[in-house]
Structure formats: structure tokens, C-alpha cells
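Dear colleague,

I am handing over the structure that you will be looking at next.

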Amino acid sequence: MTEPTLPATMTVWRQDRYGTAATVTSRAVPMPAPGPGEVLVRTEAVSINSGDIHLMQGSPRMVRLFFGIRRPRIRGRGMDLAGVVVAVGTGVDALAVGDRVVGAGTETLAEHVVVAASALTVLPDGVDPADAACLPVAGNTAVVALAGRDLAGSRVLVVGAGGGVGTLTVQLAAARGAKVWATCGARAEATLAGLGAAHTVDYRTVPVSDLPRDHFDLVVDIAGLTPLPMLRERLRAGGVVALVGGEGGAILGPIPRLVRSVFARRRGRRFRPVTATTKSAVTAELVDLLARGILTPVIQRRVPLTDAAAALAHVEEGHTVGKVVVVA
């Protein structure tokens, strides 16, 4: 297919200082060109992750050591995307102009994004790009959280299951034969029950300490607020707590909690920090589950790209059920 004629400029959402969603504004920039091994994608959908909010705020402050001390080194927000390839760099054979793709990159809250071809997966016909855009970061995190366990017949507790990672974790665990318990806000209970959770628990009325002791083979802690001993007490012998999220101080964030988890093992009950990287092979498996109707991303809100800052603000508030997706 012939490469389409592209405009000279495009819109991108960027920030020049750390702060709230109000610091992220739209601006016109020159249209980028793909380099060797890269493609230019016209974005159709971008999902917002909690990581976008942490980078936007520069919190905890330790992240600024890697992403810019005084101001964001990467000024554009957004990681996930789905869209159409409109230009191909040298050395790219697996993708062509016109291919619909999904994957992860940087500064994806933009009309066009340059992405490494190796980070993208081709979308099958009929897959909604908004659904697909929910999968790369959150889906890969959910897969890593459940990795290494035979879930058939097991009991899995997902703490903080109402967000993007949690709703996918519940579905993947249930699809693999686990009996899933999910803690969440009351607004998410019906949604999670429909996704396969055998039990849903409103964390505001039933704390984790009231859940059965010595009961679960795997606890996936996304909320990151429950004391480690309390999580460990929910496990059966040989069980594991997968630590996906974690809160903490303004400087080090979850690091102290992760360090404590190393020493919190008791009687074969242990903790495993989850460090997820987005792999195109894993994303391809998730897309296949999506295409076959086994996986259904929960999208609470679809926001036009012209209002991308509003999408960031909504996720920043911290009460999203599932995902917020920005659509072109």
C-alpha cells in the first residue's frame, strides 16, 4: 500500500513541569518520521494507566531520578496505543502501511506516534481498537501477577480488583479455572461478578482482615495498602502474595514495603514483587483471547483526544472502574 500523504504538523499532549492533569496541554508539533526498525502509527485509541499518573506527577519523587529531576524528560504522556501504520522505517518487514496494530510506546497521547515495530502486534479484523488499547500495560501486568501457578481448582484473592489490572486479572484467573475472590468498591462489584469473580467484597465494609485465613493459594495485591502480615495470613501453606501495587511515602513510594516483604515470609508463605514489562508476544496472546471473547476489557469512559487532559484527571481521582480510553 502506498504511504498516505501526511500533514506537516500534529497534535500531542505534553507537560513542561510535574503536577496534576492541568499541567498537560495540547500543542502542535512537527510530524515525526520513523527511523530504522520503527513505524509511524496514526492513533485510534490510547488507554490511561496509573503509571501515566505517577509520571505526570513525578511521584514518588524517586522516579524523578530516572525521568527528570526538575521536569519530565519525556514530556508526553501515554503508553498504550492502538492504531494504523501510516509509514514504515527501514528494516521493517513484519509490518506494512495499513496494518492495524496495538502495543506500547511513549508519548502516545498524540495524533501520530513513532513506535518500535517489535513492540507492536497486528490486530485481527473486527477487534475494537479501544478494547485492544486496554491490554498492553495492564494485561501484561496481570499475566505476570498470575505467572508460575497452576490455577485450575485454586483459590485466588485479588485485592483492589476494580481497576484496569484488576478486571483483567480476575478474568484471566477465572478463565484458567480459579475460584476468584475480589475486593473492590461497591460500584465495581456487579462488574467483577460478571467477569467471573465467585465472590466480591466491598472493601469499605469488609476489610481484608475479615476474609478467611489459610484459604487462598494466591493473593494478588493491587491496592498496596493492606499490611503484609494480614495478606500472608490469608494464604494456605505454600501460597504466594503477588505485590502489584504499593503505596508509601512521598520520596520512596512502595520501596520500603517491597523490602519488608523479603523478610515477611513465614511457613512457606511468601511474597513476590511484580515487575511487568510489556512484551509483544504476551500482548498477542491477550489479543487472541480478546478476539475469541474470553477477555473483555472494562471501559468506564471514552474521551476524545481533544479532551485528553480530562481523561488524565479522571484517572488521577482514583475511582475508575476498569479503564479510561482516549479515542481519536
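A residue is called buried if its relative accessible area is under 20%, exposed if that area is over 50%, and partly exposed in between, with a 1.4 Å probe and protein chains only as cover. Helices (H or I, at least four residues) and strands (E, at least two) are DSSP runs, numbered from the N terminus. Please keep in mind that this is a predicted model, in which local features need pLDDT of at least 70 and side-chain atom pairs count only at pLDDT 80 or more, while totals for chains, interfaces and linings use all residues. Residues are numbered from 1 along each chain as its sequence is written, and side-chain values use heavy atoms, with hydrogens and water left out.

I begin with helix α5, which covers residues 164–175. From its first C-alpha to its last, α5 reaches 17 Å, which is close to the 16 Å expected at 1.5 Å a residue, where the expected span is 1.5 Å times one less than the number of residues. Just after α5 comes Gly177, with a positive phi of about 95°.

The next region is built around strand β11, residues 216–221, where six of the six residues are buried. Two strands are said to pair if DSSP finds at least two bridges between them. On one hand, β11 pairs in the parallel sense with β8 (residues 155–159) over four bridges, and Val156 has Leu218 in β11 as its bridge partner. On the other hand, five bridges join β11 to β12, again running parallel, and here Val220 stands opposite Ala242 in β12. Together with helix α7 (residues 228–233), β11 and β12 make a right-handed β-α-β unit; right-handed means that, with the strands pointing away from the viewer, the path from the first strand over the helix to the second runs clockwise.

Side chains of opposite charge can pair when their charged atoms come close. A salt bridge is counted when a side-chain nitrogen of Lys or Arg is within 4 Å of a carboxyl oxygen of Asp or Glu, and the structure holds 10 of them. One of them joins Arg257 and Asp221, at 3.1 Å from N to O; Arg257 lies in helix α8 and Asp221 in strand β11, so the pair ties together parts that are 36 residues apart in sequence. Both Arg257 and Asp221 are buried. Another salt bridge is formed by Arg213 and Glu233, at 3.4 Å from N to O, with Arg213 in the loop between β10 (199–202) and β11, and Glu233 in helix α7, 20 residues apart. Arg213 is exposed, at a relative accessible area of 51%, whereas Glu233 is partly exposed, at 29%.

A further salt bridge links Glu107 with Arg14, the closest N and O atoms being 3.0 Å apart. Glu107 sits in the loop between β5 (100–104) and β6 (112–116), and Arg14 in strand β1 (residues 9–14), 93 residues apart. Glu107 is partly exposed at 21%, while Arg14 is buried at 16%. Asp16, Arg27 and Arg75 are linked in a network of salt bridges.

Some backbone details also deserve a careful look. Most residues other than glycine have a negative phi, and most peptide bonds are trans. Glu107, however, has a positive phi near 55°, and Arg267, in the loop between α8 and β13 (270–273), has a positive phi near 50°. A cis peptide bond joins Ser59 and Pro60, with omega about -10°, and Pro60 is placed in the loop between α1 (50–57) and α2 (64–67).

Lastly, Val46 in strand β3 (residues 38–47) is buried, with a relative accessible area of 2%. Val46 and Val303 are 257 residues apart in sequence and 9.7 Å apart in space, C-alpha to C-alpha.

With best wishes
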